[in-house]
Amino acid sequence: PLPKGESKSLYIETAFGRAVSLKFSTTAVPGRTYKLRAKSPVKVLNEPAKAWEEESPYLSIITDLFRTVMSGRVPENYIDVQVDSQFLKPSRQPYLPFELTRKRILVGFHMAMTEFQVKNMSQLKLNLPVDKFYIPGVKAAAASTKSMEGKGVATLWVLTNADETEGLSKK
């Protein structure tokens with residue numbers, strides 16, 4: 001505890017190289033919790049992933065990435081970034097009766113794989129048209145199923161450039 005009227009500074013540096021300074025002082029108010037969020041996309045300088053991405057054939061990289069994530073694993077040398085659930089930005093969401101929630105991002109150097117939970121908001125069995133998710137900036141996309149029961153849930157994986165992951169899911 002800080003003596004009344006005294007202030008302290010706390011310096012935090014994240015694993016992604018972001019830094020923040022917080023100044024604390026004692027005040028008679030209820031406690032609060034704050035979540036710190038970056039104003040711009042996080043760029044991870046992931047050198048092992050860079051070497052693999054630049055030395056392997058492009059098609060081989062994409063195939064390996066999807067095989068790995070669809071089996072529930074994190075690609076070697078990729079960083080698993082847990083994120084708050086955020087909905088796909090409505091202006092970039094295909095006009096479909098689905099709700100998308102971002103679950104995590106697997107970040108390499110040049111590429112990032114974003115995993116979404118997809119909910120069928122209708123009562124009807126619907127096809128999950130992966131081709132509708134090819135919006136500008138998307139390199140590839142795959143789904144855990146081709147169709148969804150009414151109110152069903154599936155997983156969607158979207159591959160983008162590493163610096164474009166934020167644009168897919170900001171509110």
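Author: Of the 171 residues of the protein, 33% count as buried, where buried means under 20% relative accessible area, exposed over 50% and partly exposed in between, with a 1.4 Å probe and protein chains only. This is a predicted model, in which local features need pLDDT of at least 70 and side-chain atom pairs count only at pLDDT 80 or more, while totals for chains, interfaces and linings use all residues. Residues are numbered from 1 along each chain as its sequence is written, and side-chain values use heavy atoms, with hydrogens and water left out.

Reader: What makes the pair of Trp52 and Tyr78 edge-to-face?

Author: A search of the whole structure finds one aromatic pair. The ring centres of Trp52 and Tyr78 are 6.2 Å apart and their planes stand at 80°, so the pair is edge-to-face. By definition, rings of Phe, Tyr and Trp (its six-membered ring) pair if their centres lie within 6.5 Å, and planes under 30 degrees apart count as stacked, over 60 as edge-to-face and the rest as tilted.

Reader: Which parts does this pair tie together?

Author: Trp52 lies in helix H1 (residues 47-55), whereas Tyr78 is in the loop between helix H2 (58-70) and strand E3 (79-87), so the pair ties together parts that are 26 residues apart in sequence. Helices (H or I, at least four residues) and strands (E, at least two) are DSSP runs, numbered from the N terminus.

Reader: What makes Leu106 count as buried, and which residues is Leu106 in contact with?

Author: Leu106, whose place is in strand E4 (residues 98-107), has a relative accessibility of 1%, which is under the limit for buried, so the label applies. Leaving aside neighbours within four places in sequence, the contacts of Leu106 (heavy atoms within 4.5 Å) include Val69, Val74, Pro75, Tyr78 and Met113. The C-alpha atoms of Leu106 and Pro75 are separated by 7.8 Å, although these residues are 31 residues apart along the chain.

Reader: How do you know that Ile12 is partly exposed?

Author: Ile12, found in strand E1 (residues 7-13), has a relative accessible area of 32%, which falls between the limits for buried and exposed, so Ile12 is partly exposed.
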